[in-house]
Amino acid sequence: MANFYTILGVQKNSSTETIKKSYRRLAIKYHPDKNHGDAAAEEKFKEINEAHQTLIDPDKRREYDHQISPPPPRRAARRRPQTRDFVDIMRNKGMGGNSLFRKWGYKFKGTHIRKRIKLTLEDISKGTKIEVSYRCNTICPDCLRFSAATMFDTCETCLGSQVISTDKKMKFTVRKGAGQNEEMTLRGAGHQDFPGGPAGDLVLIIDILPHDTWTKRGSDCLIREIVKEKQLVRGDNIKIDTPMGWVKFIVPPGTNNGQTFRLTGKGFYDLQTNGHGDALIIVELNNW
Ligand SMILES: [Zn+2]
């Protein structure tokens, strides 16, 4: 996990006053009011607040310091590892408590990152390529370079946590016909929390935005088509936008308000059948 001192850009021995000052400066910079819709800034703002809350409280700070600088490895290693240590450390993971594992050289897999991504039904109908920005724990490059020295001296880059928070970008291809809450996994693109241990995965969860006229139901597409009374009574030739593109559609004379018509194979791609679902046209009277 990220190092609170690094996040706030202060030293491990900085005074509470210095921490508060640095926090105010960063909080202004990353405040949501100034960064509308910027997910990275929002994430950063959360981190800053979490770090600040811990470091300005003397008790919490002492506890945190203890976690990021555990007792010397030689003394600790002589004890047989106990289950309680493992449980305690895992519980404190969010506070950087897993640094004990790092110092002892355990090879544990990093944490997975789960992130929701918003897509339109147009994206889903054709498939799309997206680029995702996210923050990720990686092993401190300076610790890798001087690994022997950092066992005993505190590294200035990561302040001994051996992990730093990095901005990353990844490209993903969203398959056509993907469903709501469908997950896409990029192995090894998640957090790397332990030197020598494999990174976790980056998991993207699809969140489909509401559409003006389309609703995805399985591979079928429900399409609301608003018409005038005249068109219901006399019928009409119209064009309808479907997941398979624009299609000609005949509104038969004497159509009822709310009547549904099925256009076979004009829905979304279906992975199971390697075909397409249907478009269900719901003809609705424009009441205003
Ligand atoms: Zn380092």
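## Contacts and overall make-up

Among the contacts in the protein with a separation of 6 or more, 62% join residues 24 or more positions apart. The model is predicted. Its chain forms eleven helices and 13 strands. Of the 288 residues in the protein, 27% are buried.

## The largest nonpolar core

The largest nonpolar core contains 22 residues. Those with the most contacts inside this core are F4, I7, L8, I48, A51, C140 and C158. Two or more residues come from each of α1 (4–8), α2 (16–30), α3 (39–55), α4 (58–68) and β3 (163–174). Where does this core lie relative to domain 1 and domain 2? Both domain 1 (4–82) and domain 2 (113–208) give residues to the core, so it lies between them.

I7 is one of the core residues with the most contacts inside the core. Leaving aside neighbours within four places in sequence, I7 is in contact with A2, E47, I48 and A51. Another core lies apart from the largest one and has eleven residues. Among them are I124, C221, F268 and A279.

## Two loop residues with positive phi

Q162 is found in the loop between α10 (147–150) and β3. Its phi is positive, about 65°, although Q162 is not a glycine. Is Q162 buried or exposed? Q162 has 27 C-beta neighbours inside 10 Å, and a residue with 20 or more is classed as buried, so Q162 counts as buried.

N181 is placed in the loop between β3 and β4 (183–186). This residue, which is also not a glycine, has a positive phi near 70°. N181 has 10 C-beta neighbours inside 10 Å. The cut-off for an exposed residue is 12 or fewer, so N181 counts as exposed.

## N237 in strand β8

N237 lies in strand β8, which covers residues 236–242. With 9 C-beta neighbours inside 10 Å, N237 counts as exposed.

Which residues does N237 touch, not counting those up to four places away in sequence? They are K248 and I250. As for F249, N237 is twelve residues from it in sequence. In space, N237 and F249 are 5.9 Å apart, C-alpha to C-alpha.

Notes:
Residues are numbered from 1 along each chain as its sequence is written. This is a predicted model: local features need pLDDT of at least 70, side-chain atom pairs count only at pLDDT 80 or more; totals for chains, interfaces and linings use all residues. Helices (H or I, at least four residues) and strands (E, at least two) are DSSP runs, numbered from the N terminus. Two residues are in contact if their C-beta atoms, placed from the backbone, lie within 7 Å. A nonpolar core is a set of buried Ala, Val, Leu, Ile, Met, Phe, Trp, Tyr and Cys residues joined through C-beta atoms within 7 Å. Domain bounds come from an automatic or database domain assignment.
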